[in-house]
Amino acid sequence: MTHEERQRVERIPGARRARLTRVAGTLDDSDAEATLRDDEPQPETTDPVVARLRREKPPHYG
């Protein structure tokens, strides 16, 4: 791995945390979040309890 391929720390004025630069061949933030959200549709179900559980979100998901 050469020095150019490594991530660097970017300080953001006014922010509490720094940010890492992106490395070629990796996912950007929006692509990574899409994989975490699992954007694929869920299969339909006839069970009303299962359907309700899939619709509801826990309170901490805000």
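A salt bridge is a side-chain nitrogen of Lys or Arg within 4 Å of a carboxyl oxygen of Asp or Glu, and a search of the whole structure, which is a predicted model, finds two of them.

The chain contains two helices and two strands, and when it is followed from the N terminus the elements come in the order β-β-α-α. Of its 62 residues, 2% count as buried, while the accessible surface comes to about 6,500 Å², with 50% of that area belonging to carbon and sulfur atoms.

Confidence should be kept in mind while reading further. The average pLDDT of the chain is 77, and 84% of the residues score at least 70. Among the elements, strand 1, which covers residues 9-10, has the highest confidence, at 90, whereas helix 1 has the lowest, at a mean of 70. Where pLDDT is low, the predicted coordinates should not be read in detail.

With that caution in place, one residue can be examined closely. T21 lies in the loop that runs between strand 2 (19-20) and helix 1 (29-37). Is T21 buried or exposed? Its relative accessible area is 12%, and because buried means under 20% relative accessible area, T21 counts as buried. Leaving aside neighbours within four places in sequence, T21 is in contact with R6, Q7, R8 and E10.

Side chains of opposite charge can pair when their charged atoms come close. The side chain of E10 meets that of R19 in a salt bridge, with a distance of 3.2 Å from N to O. Both residues are partly exposed, since E10 has a relative accessible area of 28% and R19 has one of 46%.

Which residue forms a salt bridge with R52? The partner is E56, and the closest N and O atoms of the two are 3.4 Å apart. Here too the residues are partly exposed, with a relative accessible area of 40% for R52 and of 45% for E56.

How values were computed
Residues are numbered from 1 along each chain as its sequence is written. This is a predicted model: local features need pLDDT of at least 70, side-chain atom pairs count only at pLDDT 80 or more; totals for chains, interfaces and linings use all residues. Side-chain values use heavy atoms; hydrogens and water are left out. Helices (H or I, at least four residues) and strands (E, at least two) are DSSP runs, numbered from the N terminus. Buried means under 20% relative accessible area, exposed over 50%, partly exposed in between (1.4 Å probe, protein chains only). Contact means heavy atoms within 4.5 Å. Accessible areas come from the Shrake-Rupley method with a 1.4 Å probe; for residues, only the protein chains shown count as cover. pLDDT is the predictor's confidence in each residue, from 0 to 100.
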